[in-house]
Each structure stands twice: as structure tokens, then as C-alpha cells.
Amino acid sequence: MNQIPDVLYADQDFTTWLIVGASRGIGLEFVRQLLVRGERIIATVREPYAAHASALWGQAGSDHGRCQMYICDILSEASIVNFVSQLATKPNLKIDYVVLNAGVLRYPNRATELSFDEFAFHLHTNTIGPIITAQKLLQTNIPIGTIVFMSSDSGSAGNFREVEDGFAAYAASKAALNQALRHMAAELKRKDDDTIILAMHPGEVATDMANIRLPWEVDGVITPEESVIKMIDVIQSKGIQHSGTFWTWEDKQYPW
């Protein structure tokens, strides 16, 4: 699926982004905007023939070879390991920004009703998969500047959103993600590793995942384009002193 010769990775003048979960929504919009900016992109999809992957193929096919596409299913440790192993073979590869965007919301998921498997599915997709992907990347010799986990205001314990009926498993999975990435940031600091770890709330973005009927009015809905434009600026503005912090698309620090 690679669209760019490996030898070009020896050119260190490019800024390289890894977008995990790039076939639709926010992830696809990251690819679109980064191509316009002239950045180099590594993008992952769960499977090459999925219907949603066609949009990414359309973007990658017109980028003059600056987008590589790989398979990475974050529900499978074997898939994660295989993907990271492929990256680790690339000579002189450095990754400036990793955006772990893969996630799921199956509505409703009420704590008083949800099944064991439904709860586990949210945790595996929204928490375990992203954390293990970051862990495997950090265990390589690839220099990594910043790792961004796509979180949500639903995962904030300090600003509990009681109005969100039917979001128990989703919110719990994002709260667990937040705690795990904070520990990851603290562990890296103790090792004198300068990789920056961030949590991002992208806003109330109108995507396929958010296309559900809710029993309350959602304020401030924005497009993926609006969200990603601002998130790129927020991500690029953070230094090592910000590692282990939680930000909104509007560059406001959010309570854990």
C-alpha cells in the first residue's frame, strides 16, 4: 500500500505525521489538510477494501507520493505489532506527530443496560488499542516528537456531563484513556524521554460516528475541517512542558 519510496525518508526536511484511523471523519480530514500543507503522512486503515478507505485512497492518489498507507487494526495486537514492525524497518524514519484517532461510539451504552461485550468493545477500541499502539511505537528506535490521543470531554471526571444519557461505556473508555496516557507521560519523563504526550478534545464534530439521534440538544457542532484546522495549531504549539495535559480544539486546557 506504500505510495512513497523508502529512500525519500532520508530527507529530514519534511515534517512527518502518522494518522492512525484515517479512513473517515477527523482522521481523513487530518490527511486532507496535511497534504495541502505539504507535510508527509503515514496513514492507517483497518482493512484496505473497506468502503470508508476509498476516500483516503482518493486523497493519497493525488499527493505526488507524500502519503503512505498501511493496515493497522487497533483491536488486534498482532496487527499493531505488524504495522509498527514495518515502520521500524524504514531507514532514517522520524515521526514528528502521531495522532491516534481510531475510536468508536455505539449508542446507546447505558451503564444500567450495556452488555459485557459492548463495554469491552468500547474499552478495547478507545483505550487499549490506542495505548498499546503508542507503547509499541515508543519501543522502537524511531524518533517521535509528539503523540496525540483523541479523547473527549465525555471522559472528563472533573466536568461530568450528566446530560449525556447513554454514554456510559464511551465516557468510561475515554476516562480510562486519559488516565493511561497521563501515566505514559509521567513514565517517559522519568526516563528522560522528550516525547510529548497530549490528550485532545476535538469539539462536537459532525462525523459519521456522531451521526446519531440524541435526546438532548448538542451545542456548538462544528465540521471536521473547523476542528482539524485548530487542532493542528494546538498540537504544534505544545512543548515538553505540556506533556501529560488535556487540550481542546480551541487551545483551552480541559479538566481531567
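Helices (H or I, at least four residues) and strands (E, at least two) are DSSP runs, numbered from the N terminus. The model is predicted: local features need pLDDT of at least 70, side-chain atom pairs count only at pLDDT 80 or more, and totals for chains, interfaces and linings use all residues. Residues are numbered from 1 along each chain as its sequence is written, and side-chain values use heavy atoms, with hydrogens and water left out.

**Helix H5**

- Helix H5 covers residues 168-190, 23 residues in total. From its first C-alpha to its last H5 reaches 33 Å, close to the expected 33 Å, where the expected span is 1.5 Å times one less than the number of residues.
- Buried denotes under 20% relative accessible area, exposed over 50%, and partly exposed in between (1.4 Å probe, protein chains only). The buried residues of H5 are Ala169, Tyr170, Ala171, Ser173, Lys174, Leu177, Asn178, Leu181, Met184, Ala185 and Leu188.
- These buried residues pack against helix H4 (116-138) and against strands S5 (144-150), S6 (196-201) and S9 (245-248).

**Second largest pocket**

- A pocket is defined on a 1 Å grid over the protein atoms alone, as an open set of points where a 1.4 Å probe fits, with protein on both sides within 12 Å along at least five of seven lines; lining residues have an atom within 4 Å of a point.
- The second largest pocket holds about 220 Å³ of space, a volume being the space filled by probe spheres set on grid points that are joined across faces, edges and corners.
- Its lining consists of Ile131, Gln135, Leu138, Gln139, Ala180, His183, Met184, Glu187, Leu188, Lys191 and Asp193. H4 and H5 are the elements that give two or more residues to this lining, and H5 gives the most, with five.
- By residue type, the lining divides into five nonpolar, three polar and three charged residues. Here Ala, Val, Leu, Ile, Met, Phe, Trp, Tyr, Cys and Pro count as nonpolar, Asp, Glu, Lys and Arg as charged, and the others, Gly among them, as polar.

**Backbone features**

- Most residues other than glycine have a negative phi, and most peptide bonds are trans.
- Asp192, in the loop between H5 and S6, has a positive phi near 60 degrees. Asp192 counts as exposed, at 67% relative accessibility.
- Asp251, in the segment after S9, also has a positive phi, of about 65 degrees. Asp251 is partly exposed, with a relative accessible area of 37%.
- The peptide bond from Tyr107 to Pro108 is cis, with omega near -5 degrees. Pro108 is placed in the loop between strand S4 (95-100) and H4.

**Ile80 and its contacts**

- Ile80 lies in helix H3 (residues 77-88) and is buried, at 2% relative accessible area.
- Leaving aside residues up to four places away in sequence, Ile80 touches Cys72, Asp73, Ile74, Gly129, Ile132, Thr133 and Lys136, a contact being heavy atoms within 4.5 Å.
- Ile80 and Lys136 are 56 residues apart in sequence, and their C-alpha atoms are 7.8 Å apart in space.

**Aromatic pairs**

- Rings of Phe, Tyr and Trp (its six-membered ring) pair if their centres lie within 6.5 Å; planes under 30 degrees apart count as stacked, over 60 as edge-to-face and the rest as tilted. By this rule there are seven aromatic pairs.
- The rings of Phe167 and Tyr170 form an edge-to-face pair, because their planes lie at 85 degrees, with centres 5.8 Å apart. Both residues, Phe167 and Tyr170, are buried.
- One aromatic cluster is formed by Trp17, Phe30 and Tyr97.
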